[in-house]
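Try each task yourself before you read its solution.

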Amino acid sequence: MALSGLTPKQIVEKLDAYIIGQEKAKKAVAIALRNRERRIHLAEDIRDEVAPKNILMIGPTGVGKTEIARRLAKLVNAPFLKIEATKYTEVGYVGRDVESMIRDLMAVGYTNVKAEMEESLREACKPKVEEKLLDLLLPGTGEKDKKKEKKAETPFANPVTPTLLEPTEAQNEPLNPTREKFRQMLRDGKLEDREVEVTVERVARMPSMGIIASGNMEDLQTGMEDLTQMLTGGRFKKKQVSIREARKIITEETLDSMIDQEKVAEEAKNRVEQSGIIFIDEIDKIATKGGNSSGQDVSREGVQRDILPIVEGSKVNTRYGVVDTTHILFVAAGAFSVSAPSDLIPELQGRFPLRVELESLSKADFKRILTEPKNALTKQYSALLQTEGVTLDFTDDAIDKMAAIAEDVNSRSENIGARRLHTIMEKVTEEISFDADEHAGETVKVDSAFVEEKLKDITTDQDLSRYIL
């Protein structure tokens with residue numbers, strides 16, 4: 001069977017459009033993603049033996065770790081979840097338990113599969129939606145048409161001994177002319193602003209008994225809410241909306257009724273188990289430093305030990321069924337400015353065999369970041385002000401100046417990487433952004449002198465730059 005996804009080179013090329021540098025990290029992630037797809041195409045007897053090669057990305061803040069994760073989410077047609085390691089606590093403490101990351105991933109997978117199925121049925125549901133809209137506009141006419149159609153289908157009083165060979169009056173009788181007139185008006189878009197009353201029903205889902213039995217308070221509460229809704233028959237609410245809004249509401253309800261929820265859950269579970277990806281950010285924040293055994297460090301180590309079985313492979317109860325985490329790919333990232341990867345417990349270290357070190361950003365990198373990516377800051381600010389008729393013209397020497405200032409401030413104070421550029425750009429464009437409505441139709445030239453003028457007080461006062469830049 002041929003591989004249908006992106007090749008590693010194509011993945012890197014797409015990441016290059018948004019992330020400058022960090023070739024090692026991009027390459028490692030691209031290979032890991034491709035291996036996910038290669039594994040799916042293996043024979044069943046060997047597929048289960050191929051374990052994912054989890055990745056640990058190490059590097060200072062603002063160099064692209066999280067951005068790589070964000071872009072991966074848009075690249076891969078697989079369940080993807082980004083979480084912060086610091087949001088979890090050891091079992092027995094107040095906070096989220098680590099198994100909730102699998103439940104969240106399963107929810108993402110379910111939503112994705114459901115959206116795909118709905119999209120495939122969207123065209124087929126249009127006739128049903130049209131009939132329901134006509135029922136709202138002309139109550140009762142739909143039932144009359146159905147009776148006529150039924151009557152036309154059985155024209156003989158005695159089907160066994162038919163006496164008529166010609167079509168009956170019922171067959172020739174036209175459908176409700178008013179309804180057909182409204183149907184044409186509806187198709188022509190002439191009724192979009194007319195208001196109708198719709199009844200919105202929130203259908204209660206059958207809660208999973210596995211969830212209730214698991215003892216997890218978060219899921220227990222959700223399960224009990226679903227059970228309450230199921231017993232009370234859901235919630236009904238009447239709303240006065242336009243035909244335009246009613247079409248959206250009825251379309252969603254119709255699609256929901258056409259989809260087999262069990263089939264969606266089954267497909268989502270398969271995708272999560274076979275190609276799911278979890279990005280664990282800030283993993284360095286739960287590392288324990290040099291054998292210190294303070295209460296806080298004991299709790300951090302407890303979180304690591306709770307994460308370990310999830311990464312190794314375990315079965316987790318979710319509302320959509322039991323999920324096996326054995327083949328989920330985990331990508332962890334951290335600055336490790338205070339702690340080191342070796343401060344993680346050895347078992348967890350061993351579960352992230354691929355180590356990728358991201359490099360600090362230089363002036364040359366900052367210049368490229370300001371201009372090259374599709375979402376470059378200069379492009380963003382130019383587009384924002386263009387909405388008010390103001391054109392920003394960034395010169396090469398202005399780009400060079402801002403990059404030099406970013407590198408200088410990062411070297412003298414806390415190194416926050418490319419995030420420093422956000423602060424600099426905001427200070428440079430602050431006045432023109434505030435007065436944009438007074439400069440409609442003008443072109444503002446942002447050159448080196450302009451940048452120096454806006455940042456002169458801050459760059460000369462090092463103490464002030466620490467707090468403002």
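**Exercise 1. Is Arg-122 buried, partly exposed or exposed, and which residues does Arg-122 touch?**

Solution. This is a predicted model, so each value here is computed from predicted atoms.
- Step 1: Find the residue. Arg-122 sits in the loop between H5 and helix H6 (126-137).
- Step 2: Look at the accessibility. Arg-122 has 27% relative accessibility. Buried means under 20% and exposed means over 50%, so Arg-122 counts as partly exposed.
- Step 3: List the partners. Not counting residues up to four places away in sequence, Arg-122 touches Thr-251, Glu-252 and Leu-255.
- Step 4: Arg-122 and Thr-251 are 129 residues apart along the chain, while their C-alpha atoms are separated by 7.9 Å.

**Exercise 2. Describe how H5 and H13 pack, and name the residues that make the contact.**

Solution. Two packed helices are described by the angle between their axes and the distance between the axes.
- Step 1: Read off both values. Helix H5 (residues 100-121) and helix H13 (residues 261-275) pack at an angle of about 125°, and their axes are 8 Å apart.
- Step 2: The crossing in which H5 passes H13 is right-handed.
- Step 3: Name the residues. H5 brings Leu-105, Met-106, Gly-109, Tyr-110, Val-113, Lys-114, Glu-116 and Met-117 to the contact, and H13 brings Gln-261, Lys-263, Val-264, Ala-265, Glu-267, Ala-268, Lys-269, Arg-271 and Val-272.
- Step 4: Sort them by class. The contact of H5 with H13 has 9 nonpolar, 2 polar and 6 charged residues.

**Exercise 3. Lys-9 and Gln-22: is each one buried or exposed?**

Solution. 
- Step 1: Lys-9 is in helix H1, and Gln-22 lies in the loop between H1 and H2.
- Step 2: Judge Lys-9. Its relative accessible area is 68%, so Lys-9 is exposed.
- Step 3: Judge Gln-22. With a relative accessible area of 7%, Gln-22 is buried.
- Step 4: Check the backbone of Gln-22. Its phi is near 55°, a positive value in a residue other than glycine.

**Exercise 4. Which residues of H17 are buried, and where do they lie around the helix?**

Solution. 
- Step 1: In helix H17 (residues 377-386), the buried residues are Leu-377, Thr-378, Tyr-381, Ser-382 and Leu-385.
- Step 2: Look down the axis of H17. The buried residues fall within an arc of 130°, so they line one face of the helix.
- Step 3: Find what they pack against: helix H16 (363-371), strand E10 (391-394), helix H18 (396-412) and helix H19 (419-434).

**Exercise 5. Which residues does Arg-47 contact, and how is Arg-47 placed relative to His-327?**

Solution. 
- Step 1: Arg-47 belongs to helix H3 (residues 44-47).
- Step 2: A relative accessible area of 23% makes Arg-47 partly exposed.
- Step 3: Apart from neighbours within four places in sequence, Arg-47 is in contact with Arg-39, Ile-40, Leu-42, Gln-274 and His-327.
- Step 4: Arg-47 and His-327 are 280 residues apart in sequence, and 9.8 Å apart in space from C-alpha to C-alpha.

Terms used. Residues numbered from 1 in each chain as written. Predicted model: local features only at pLDDT ≥ 70, side-chain atom pairs only at ≥ 80, totals over all residues. Heavy atoms only, no water. Buried < 20%, exposed > 50% of the residue type's maximum accessible area, 1.4 Å probe, protein only. Helix = DSSP H or I, 4+ residues; strand = E, 2+ residues; numbered from the N terminus. Arc of directions from axis to C-beta. Contact = heavy atoms within 4.5 Å. Axes fitted to C-alpha atoms, helices over the stretch in contact; angles between N-to-C directions. Left-handed = near helix turned anticlockwise from the far one by under 90°. Nonpolar A, V, L, I, M, F, W, Y, C, P; charged D, E, K, R; others polar.
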